[in-house]
Amino acid sequence: MLLRLAHEMNGNWYPWSEQVNGNAPGDYVKAFAHVRGLFASAGVTNAQWVWCPNVPYTGSTDLAGLYPGDGYVDLVGLDGYNWGTTQSWGSTWVMPDALFGQGLSELAAIAPSKRILIAETASAEQGGDKATWNQALIQYLSANSSIMGFAWFDLNKEVDWRIDSSSSSATAFAAALAARP
């Protein structure tokens, strides 16, 4: 079982972030280690622990100071979304290489021996071509041997993130998966 504890901790939208609730630098690392220790003391041996920040962005907390250490983390993850032009905060269309590039480089420097999982990703339709984005995502991830897999956030929530938000999106996604070597 993969357990992704307190994800996207480098942002400011969850209560475990060091940017909110009076949390101090180092509190996140202590909490992660504490929870992992509780599982270990209870004899749990069938969980793999995933440390999973959001893709870095201007104003996010530096990832290196949030990493609990190789002794507590089995896999590293990364969450990232192409918001397109859907958000009033000035979101723009971002292709997969630009979306994940910096974060993957930072993960490789912080935890070079750990496998990587893209734990959440999806694309909006507005602001670009989602079908092209889907194809580019599959090609980008397939070409990056450090990435063991990905999970698509298939939900109509803030944005219609679903793979089948349009027929062109669904068709492109299926075709890209089928074309993988």
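Figure 1. A residue counts as buried when its relative accessible area is under 20%, so histidine 7, at 13% relative accessibility, goes into the buried group. This is a predicted model. Histidine 7 sits in the loop that runs between strand 1 (2-4) and helix 1. What does histidine 7 touch once its neighbours within four places in sequence are set aside? Its contacts are then Tyr14, Trp16, Cys52, Asp79 and Glu120.

Figure 2. Alanine 6 isn't a glycine, yet its phi is positive, at about 50°. Asparagine 21 is another residue other than glycine with a positive value, its phi being near 60°.

**Figure 3. Tyrosine 28 and phenylalanine 32, an aromatic pair in helix 1.** Searching the whole structure turns up 14 aromatic pairs. In this one, the ring centres of tyrosine 28 and phenylalanine 32 are 6.1 Å apart and the planes meet at 50°, so the pair is classed as tilted. Both residues belong to helix 1 (residues 27-41), and because they are four residues apart there, about one helical turn separates them. Tyrosine 28 counts as buried, with 3% relative accessibility. Phenylalanine 32 is buried as well, its relative accessible area being 1%.

**Figure 4. Phenylalanine 32 again, now with tryptophan 49.** How are the rings of phenylalanine 32 and tryptophan 49 arranged? They form an edge-to-face aromatic pair, with 6.1 Å from centre to centre and 70° between the planes. Phenylalanine 32 is in helix 1 while tryptophan 49 is in strand 2 (residues 48-51), so this pair ties together parts of the chain 17 residues apart in sequence. Tryptophan 49 counts as buried, at 3% relative accessibility.

**Figure 5. An aromatic cluster.** Which residues make up this one aromatic cluster? Its members are Tyr81, Trp83, Trp89, Phe153 and Trp161.

**Figure 6. Stepping back to the whole chain.** The chain has four helices and five strands, and reading along the sequence gives the pattern β-α-β-β-α-β-α-β-α. The C-alpha trace spans about 50 × 40 × 30 Å along its principal axes. Of the 181 residues, 43% are buried. Among contacts with a separation of 6 or more, 70% come from residues 24 or more positions apart.

**Figure 7. Surface and charge.** The chain exposes about 8,900 Å², with carbon and sulfur atoms supplying 55% of that area. As for charge, there are 9 positive and 16 negative side chains. The centres of these two sets lie 7 Å apart.

Methods: Residues numbered from 1 in each chain as written. Predicted model: local features only at pLDDT ≥ 70, side-chain atom pairs only at ≥ 80, totals over all residues. Heavy atoms only, no water. Helix = DSSP H or I, 4+ residues; strand = E, 2+ residues; numbered from the N terminus. Buried < 20%, exposed > 50% of the residue type's maximum accessible area, 1.4 Å probe, protein only. Contact = heavy atoms within 4.5 Å. Areas by Shrake-Rupley, 256 points an atom, 1.4 Å probe, with all protein chains shown as cover. Lys, Arg positive; Asp, Glu negative; His and termini not counted. Charge placed at Lys NZ, Arg CZ, Asp CG, Glu CD. Phe/Tyr/Trp six-rings, centres within 6.5 Å; stacked < 30°, edge-to-face > 60°.
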